[in-house]
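Colleague: I want to learn how to read disulfides and sheets in a model. Can we go through them together?
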Amino acid sequence: VSSGSISTSSATGTIIDDDGAPVVSGLDSRPSNATCIAPDRPIVNTSIGTEVAFPNLPALNQAVGLLQVPGDTSQWFAVEKDGRVLRFDSATNVATVSPFIDIRSPDDPIDVDSGPNEAGLLGMAFHPDYGNGNWYVYLSYTIDGAGTSGPIISVISRFESKDEGLTLDATDAVELLRLVQPYGNHNGGQIAFGPDGYLYIAYGDGGSGGDPGDRAQDTSNLFGAMLRIDVNGPEPYGIPTDNPFANSADLCNTGSAGKACPEIYAWGLRNPWKWSFDTTTGQLWVADVGQNAWEEVDIVELGGNYGWRCREGAHDYDLSGLCPDGLIDPVIEYSHSVGNSITGGYVY
């Protein structure tokens, strides 16, 4: 108010409570609680029992994978490291196996190289629509690296069953990508389709202790990374639009490019040997093999950097190279006083 005055400095009023009866909180009576009770105390110092699931099954040779067709529990497929996949019925008394594909022979167009300790046939994945007019199967394997800079080459190829699931045809494999390995170890190699329908591929840092050259932190190559590709896209494959480097112009289907590889989903891994998706939440759980002190389990998320070789587990390892902020520590680790190379596992 400008140039004005208030003549009355006080007033009296009455506040009327017209809200009715006051609100009373709580329950009129205690409800019966017959089922929601605390569980029994856990039993400590107990042992874990094992049971032979298929006691009559012939011995498998260096099995690195056991899987089923999506939505079909009638049979199992066993992936052998030396280059075979065998199938057998799910009945507990099964005593025979049938060959699904064999790429061991030098006369075979594939000729898998399982010579180095971590080389060979390392992974297999059925297309999500397999058996529904689609008979595609994807294999991850290594071949001889003769004529290249490395001893072996990691390859991802698509195969097709021409007899509706009895066998795979090895004569017309369609190669999707390859990666020349500088050493014979830390190849990773597992592949699987995620709940989003994309194919996930895990590669190690290329081998040799300490990852010389920061391969796992260099996103212009496929080493030390979890990849994600769209096999239903244009040949050789498409890139999901939300991949961290999806806008990079060139594919890294030969292992590297001048820019960050659009196939990369996450990176900074040392040797993600085995991993799985939580079937309820879709989370990606990865067992990443450590160097000489710590083994780790990571929940791998889109765009995550899991630290190798800057970090081993939740500990500094070598900070002299590319070590950006925001490195993600594992959800659990164990030291080599407990055990060595972590193999993998499942959330169930």
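Modeller: C310 and C323 are joined by a disulfide, S to S 2.1 Å. A disulfide here is a pair of cysteine sulfur atoms within 2.5 Å. This is a predicted model: local features need pLDDT of at least 70, side-chain atom pairs count only at pLDDT 80 or more, and totals for chains, interfaces and linings use all residues. Residues are numbered from 1 along each chain as its sequence is written, and side-chain values use heavy atoms, with hydrogens and water left out.

Colleague: Which parts does the pair C310 and C323 tie together?

Modeller: Strands (E, at least two residues) are DSSP runs, numbered from the N terminus. C310 lies in the loop between β15 (294-300) and β16 (311-312). C323 lies in the loop between β17 (315-316) and β18 (332-335), so the tied parts are 13 residues apart in sequence.

Colleague: Is C310 buried or exposed?

Modeller: Buried means under 20% relative accessible area, exposed over 50%, partly exposed in between (1.4 Å probe, protein chains only). C310 has 0%, so C310 is buried. C323 has 28%, so C323 is partly exposed.

Colleague: How many disulfides does the structure hold?

Modeller: The structure holds 2. C252 and C261 form a disulfide too, with sulfur atoms 2.1 Å apart. Both of these cysteines, C252 and C261, are buried.

Colleague: Now the sheet. In what order do strands β5 to β8 stand?

Modeller: Two strands pair if DSSP finds at least two bridges between them. Here 4 strands form an open, antiparallel sheet: β5-β6-β7-β8. β5 (121-126) and β8 (169-181) stand at the edges with a single partner strand each, so one side of each has no neighbour in the sheet.
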